[in-house]
Amino acid sequence: GEGAGVLERYGGLAEEGLIRWDEQQAAVVRRLDRLAWDVLRHHEEMRVHWGAVERWRERHRRELRERLHAIERERTRRGLLSSIANTIRHARTAEEKEALEAVKANAARTRPEAPTPPRGIYLFGGVGTGKTLCMDLFFDTVRSAMAHAAAAGGATGARRVHAHALLLEVYESMHRYRT
């Protein structure tokens with residue numbers, strides 16, 4: 001159901017008689033349940049992180065503008081260049097390059113560090129062991145929660161792709177890139 005975790009969804013299918021409870025699948029589902037909540041927590045952490053990155057970018061853009069304006073004011077005060085020459089010149093002066101490098105160095109030191117993503121799970125097993133069922137339950141859980149977050153103003157871009165289809169997409173993309 002809505003808001004249910006992977007394990008709850010699996011248990012619901014078993015209770016409805018749509019699947020037979022399998023302890024090996026249940027062990028995988030428990031791990032996928034923890035991963036789903038880790039992914040959702042990380043999604044929120046990244047939303048907060050990108051807000052911090054945007055504020056960081058704006059702060060450094062403002063710092064650069066202020067430094068360049070200070071250089072222009074000083075140049076104008078000293079009368080070294082006419083306002084027409086200032087308007088049409090394209091090459092950066094040594095002062096401007098130095099200011100730009102100082103802002104870049106400061107920006108590199110203060111950039112917000114991205115949260116560490118959760119570690120994924122690789123499922124493998126024979127045909128008919130429930131890998132796709134488990135992944136569908138996982139994906140539905142995450143997609144449902146992200147859709148709820150998107151309705152509240154968050155972003156979502158989740159897409160379910162089977163491993164074979166993903167590899168085909170990658171190979172096709174590589175082929176298009178090379179040609």
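The largest pocket of this predicted model has a volume of about 500 Å³, a pocket being defined on a 1 Å grid over the protein atoms alone as an open set of points where a 1.4 Å probe fits, with protein on both sides within 12 Å along at least five of seven lines, and a volume being the space filled by probe spheres set on points joined across faces, edges and corners. Its lining, made up of residues with an atom within 4 Å of a point, comprises 19 residues, of which Ile121, Tyr122, Leu123, Met135 and Ala163 lie nearest the centre of the pocket. Helix H2 (23-78), H5 and helix H6 (163-178) are the elements that give two or more residues to this lining, helices being DSSP runs of H or I of at least four residues, numbered from the N terminus. The largest share, 4 residues, comes from H5.

Residues are numbered from 1 along each chain as its sequence is written, and side-chain values use heavy atoms, with hydrogens and water left out. Because the model is predicted, local features need pLDDT of at least 70 and side-chain atom pairs count only at pLDDT 80 or more, whereas totals for chains, interfaces and linings use all residues.

Threonine 141 lies in helix H5 (residues 131-151) and, at 2% relative accessibility, counts as buried (under 20% relative accessible area with a 1.4 Å probe and protein chains only, exposed being over 50% and partly exposed in between). The side chains of threonine 141 and arginine 9 are joined by a polar contact of 2.9 Å, that is, a pair of N or O atoms within 3.5 Å of which, within protein, one must be able to donate a hydrogen and the other to accept it, residues adjacent in sequence counting only if both atoms are side-chain atoms. Beyond its neighbours within four places in sequence, threonine 141 is in contact (heavy atoms within 4.5 Å) with Ala4, Gly5, Val6, Arg9 and Ala36. Val6 and Arg9 are among the buried residues of helix H1 (residues 6-15), which also include Tyr10, Gly11, Leu13 and Ala14. Just after H1, glycine 17 takes a positive phi of about 80°.

The charged end of arginine 111 sits over the ring of tryptophan 56, 5.1 Å from the ring centre, the criterion being CZ of Arg or NZ of Lys within 6 Å of the centre and within 35 degrees of the ring normal. Arginine 65, found in helix H2, is partly exposed, with a relative accessible area of 39%.
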